[in-house]
Amino acid sequence: DHFRPYDLQLTKDREGYEYASVIRAHFQGNALSNVTGVLSVDSLMATLPRDTFFMPELTFAAEIIDANKKLITVESDAVQARIEGDYAYETLPESFEQILEKYLPSLFKNRNRRTHEVDNEFSFDIKLADSNFYPYVLGIPLKIMPSASLKGFVSNKQGRVDIVGDV
């Protein structure tokens, strides 16, 4: 009923971190490329060495609109996100990493990572609220005052990125 990533040797820098929540999942599909459904994380409690964090609800939804269009939504107190377009679920993180590596290469300076061809084309709309979720749960030292938003379009096929931010 509690998850301790350090004790399971899943992380080297989260000793003493403990997570607990109620997770409900309802998905359909026979491969990652055609999965649809909802993952709901209720009452997420993160117990850290010096603090505790609580998030009432975090919901992820995946939908296939048509043969060339998918939609992912994320809803919580900390983040509202929508990613829509022609992409493969399994290569979506790679698309964002390619953007970050191109514009912020120092983040990837000491990382050996395998890259592969990505043909994603999608738009995104992300709204972030000030929350302890980022530093406590994700380990990202991010402080947002009072909110931030990122909207954009990514085409790995065309090598095009358009991003507008309000931070």
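Contact here means that heavy atoms lie within 4.5 Å of each other. With that in hand, let's start at glutamate 18. Not counting residues up to four places away in sequence, glutamate 18 touches His2, Phe3, Arg4, Met45, Ala46 and Thr47.

Some ground rules come next. This is a predicted model, where local features need pLDDT of at least 70, side-chain atom pairs count only at pLDDT 80 or more, and totals for chains, interfaces and linings use all residues. Residues are numbered from 1 along each chain as its sequence is written, and side-chain values use heavy atoms, with hydrogens and water left out.

Glutamate 18 belongs to strand β1 (residues 18-28). Helices (H or I, at least four residues) and strands (E, at least two) are DSSP runs, numbered from the N terminus. Is glutamate 18 buried or exposed? Glutamate 18 counts as buried, at 18% relative accessibility. Buried means under 20% relative accessible area, exposed means over 50%, and partly exposed is in between (1.4 Å probe, protein chains only).

The side chain of glutamate 18 also makes a polar contact of 2.7 Å with the side chain of arginine 4. A polar contact is a pair of N or O atoms within 3.5 Å; within protein, one must be able to donate a hydrogen and the other to accept it, and residues adjacent in sequence count only if both atoms are side-chain atoms.

Over in strand β3 (residues 52-66) you'll find threonine 59. Threonine 59 is buried too, with 19% relative accessibility. Its side chain and that of glutamate 57 are joined by a polar contact of 3.3 Å. If you skip the neighbours within four places in sequence, threonine 59 is in contact with Val38, Leu39, Ser40, Thr73, Val74 and Glu75.

**Lysine 70 and its surroundings**

Now for lysine 70, in strand β4 (residues 69-76). Its relative accessible area is 11%, so lysine 70 is buried. What surrounds lysine 70, leaving aside its neighbours within four places in sequence? The contacts are Ser33, Glu63, Ile64, Ile65, Ile83, Glu84, Gly85, Tyr87, Ala88 and Tyr89. Aspartate 86 is 16 residues away along the chain, yet the C-alpha atoms of lysine 70 and aspartate 86 are separated by 6.2 Å.

The side chain of lysine 70 has a polar atom 3.1 Å from the backbone oxygen of serine 33. The backbone oxygen of tyrosine 87 likewise lies 3.1 Å from a polar atom of the lysine 70 side chain.

**The aromatic cluster**

Rings of Phe, Tyr and Trp (its six-membered ring) pair if their centres lie within 6.5 Å; planes under 30 degrees apart count as stacked, over 60 as edge-to-face and the rest as tilted. By this rule there are six aromatic pairs. Here are two of them:

| Pair | Centre distance | Plane angle | Type |
|---|---|---|---|
| Tyrosine 87 and tyrosine 89 | 6.0 Å | 70 degrees | edge-to-face |
| Tyrosine 87 and phenylalanine 122 | 6.0 Å | 80 degrees | edge-to-face |

Tyrosine 87 lies in the loop between β5 (79-86) and α1 (92-103) and phenylalanine 122 in strand β6 (residues 121-129), so their pair ties together parts that are 35 residues apart in sequence. Tyrosine 87 is buried at 4% relative accessibility, and phenylalanine 122 is buried at 1%. One aromatic cluster is formed by Tyr87, Tyr89, Phe96, Phe122 and Phe124.

**Helix α1**

Which residues of α1 are buried? They are Leu92, Glu94, Ser95 and Ile99. Seen down the axis of α1, these buried residues fall within an arc of 165 degrees, so they line one face of the helix. (The arc is that of the directions from the helix axis to the C-beta atoms.) The buried residues of α1 pack against β4, β5, β6, β7 (147-155) and β8 (160-166).

Glutamine 9 is not a glycine, but has a positive phi of about 60 degrees. Glutamine 9 sits in the segment before β1 and is exposed, with a relative accessible area of 72%. Serine 43, also not a glycine, has a positive phi of about 55 degrees. Serine 43 is in strand β2 (residues 36-47) and counts as partly exposed at 37% relative accessibility.
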